[in-house]
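Subject: Structure for you to look at

Hello,

Here is the structure I said I would pass on. My notes on it follow below the model.

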Amino acid sequence: MKALHVITGLGVGGAEQQLRLLVRHLPVDCDVVTLTNPGAVAEDLTADGVRVMHLGMHGNRDLSALPRLVREIRGGRYDVVHTHLYRACVYGRIAARLAGVRAVVATEHSLGDSQMEGRRLTPGVRGLYLASERLGRATVAVSPTVAERLRRWGVPGPRIEVVPNGIDVERFRFDAARRESTRRRLGLPQDAYVVGGVGRLTAGKRFEVLIRALAELPDDVWLLLVGGGPEENVLRRTAQAAGVADRVLFTGERPNTDASQGGSGLDLPSLIGAMDTLASPCAEEAFGLAVVEALAAGLPVLYVSCPAVDDLPPGAAPFARRVQGGADSFVRALRQVRAQGPRPRSAPEAAHHYSIARSADRLMDIYTAATLGVSSA
């Protein structure tokens, strides 16, 4: 079987890194097309031996990209076209059908209650999405929560399949030596208590909540923000105004790559291992991948929204706790977590539930059904 993955961009982000991980585990010959931004994840995919094509699309309304994408699909003679993220789903589904490929699968990575990938859920966005959705065989939701949102949006229930995001649990396993080395490279004081935040630095992630909380915590508490994005300068100014700029570290984008394969040694697993607690103040997550990765590293986690945890049976993630409210709530919760002292850094059931191998196996079932023309719609 031969599959083409079409994605909006390949900068560092949850959906982009999830795609790379899936391609590594799918028993399928995979190529990738990125409509825009062939960034760090494109380089990683190429290093993995994956053929990556950049379509050079100029904005959402660059209709000239459509015939170029149709030509790529026809030329590749693909059995399945799998689209990721809003723009790629709209253009990719149309292009696949024009190219004669009927086995079209889309993954919905980031549908919230009021936004999708940072855009408001206007009637126009919804209408375009639903019109193109009918051109595919199946729409994959990364959590039961997202599946329910899709149903409420108007996607027929029988067309929705749930395939959770997956992680390589072993990559995040706690390593004391790696933790010490990473903290030393970051210049952290030996006795620093490190609160971590992981994700794109956008307004929706609400990392300013953690900066305001930091101002109310002891001077040995530091904040480590892993990710890049348009709000970085705003967050730096917020830290300066709160008087905690000297205790906030910005790492920039950090792909989930293996430092032993030529990386900088400050990859995502290393940085998460350097933390003492992960805090996720985002109020509207579609899955909560950073939370699951932190759980795999044995960290206690405080979160506002995380379907990955909330969709599991009680007790599957005993050290993950929901926090309701803003900075004051995080101050109280962080004080309580720290007072409980360190605990063994072992991965709970929740982390193993989201193994990437399980996700890849489930996706293969969907590919097979799609190529056989099985559709419940």
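Arg179 counts as buried, because its relative accessibility is 16% and buried means under 20% relative accessible area, exposed over 50% and partly exposed in between, with a 1.4 Å probe and protein chains only. Before going further: this is a predicted model, in which local features need pLDDT of at least 70 and side-chain atom pairs count only at pLDDT 80 or more, while totals for chains, interfaces and linings use all residues. Residues are numbered from 1 along each chain as its sequence is written, and side-chain values use heavy atoms, with hydrogens and water left out.

Salt bridges

Arg179 forms a salt bridge with Asp276, with 2.8 Å between the closest N and O atoms. The pair links distant parts of the chain, 97 residues apart: Arg179 is in helix H7 (residues 176–186), and Asp276 is in the loop between helix H10 (268–273) and strand S13 (277–280). Asp276 also counts as buried, at 15% relative accessibility. A salt bridge here is a side-chain nitrogen of Lys or Arg within 4 Å of a carboxyl oxygen of Asp or Glu. Helices (H or I, at least four residues) and strands (E, at least two) are DSSP runs, numbered from the N terminus.

A search of the whole structure finds 18 salt bridges. One of them joins the side chains of Glu180 and Arg184, at 3.8 Å from N to O. Both residues lie in helix H7, four residues apart, or about one turn of the helix. Glu180 and Arg184 are exposed.

Asp310 and Arg322 also meet through their side chains in a salt bridge, at 2.3 Å from N to O. This pair links distant parts of the chain, with Asp310 in helix H12 (residues 307–310) and Arg322 in strand S15 (residues 320–322), 12 residues apart. Asp310 counts as partly exposed at 35% relative accessibility, and Arg322 counts as partly exposed at 37%. Elsewhere, a network of salt bridges links Arg20, Arg24, Asp44 and Asp48.

Helix H1 (residues 14–25) has 12 residues and spans 17 Å from its first C-alpha to its last, close to the expected 16 Å. The expected span is 1.5 Å times one less than the number of residues in the helix. Nine of the 12 residues of H1 are buried, so H1 is largely enclosed by the rest of the structure. Among those buried are Leu19, Leu21, Leu22 and Val23, and also Arg20. The buried residues of H1 pack against strands S1 (2–7), S2 (29–34) and S4 (80–84), and against helices H2 (40–47), H11 (289–296) and H15 (356–371); contact means heavy atoms within 4.5 Å.

Helix H13 (residues 327–339) has 13 residues and reaches 18 Å between its first and last C-alpha, close to the 18 Å expected. Its buried residues include Phe330, Val331, Leu334 and Val337. What covers the buried residues of H13 includes S10, H8, S13, strand S14 (301–303) and S15. Just after H13, Gly341 takes a positive phi of about 80°.

Helices H3 and H4

Helix H3 (residues 65–76) and helix H4 (residues 86–98) pack at an angle of about 55°, with their axes 8 Å apart. That makes H3 oblique to H4, because angles under 35 degrees count as roughly parallel, over 145 as roughly antiparallel, 65 to 115 as roughly perpendicular and the rest as oblique. On the H3 side the contact is made by Leu66, Leu69, Val70, Ile73 and Arg74, and on the H4 side by residues including Tyr91, Ile94 and Leu98.

Val90 is in helix H4 and is buried, with a relative accessible area of 6%. Leaving out residues up to four places away in sequence, Val90 touches Leu128 and Ser132.

Positive phi values

Most residues other than glycine have a negative phi. Arg77, in the loop between H3 and S4, has a positive phi near 50°. Arg77 counts as exposed at 71% relative accessibility. Arg206 has a positive phi near 60° and is found in the loop between strand S10 (193–198) and helix H8 (208–214). At 21% relative accessibility, Arg206 counts as partly exposed.

Regards

Terms used:
Axes fitted to C-alpha atoms, helices over the stretch in contact; angles between N-to-C directions.
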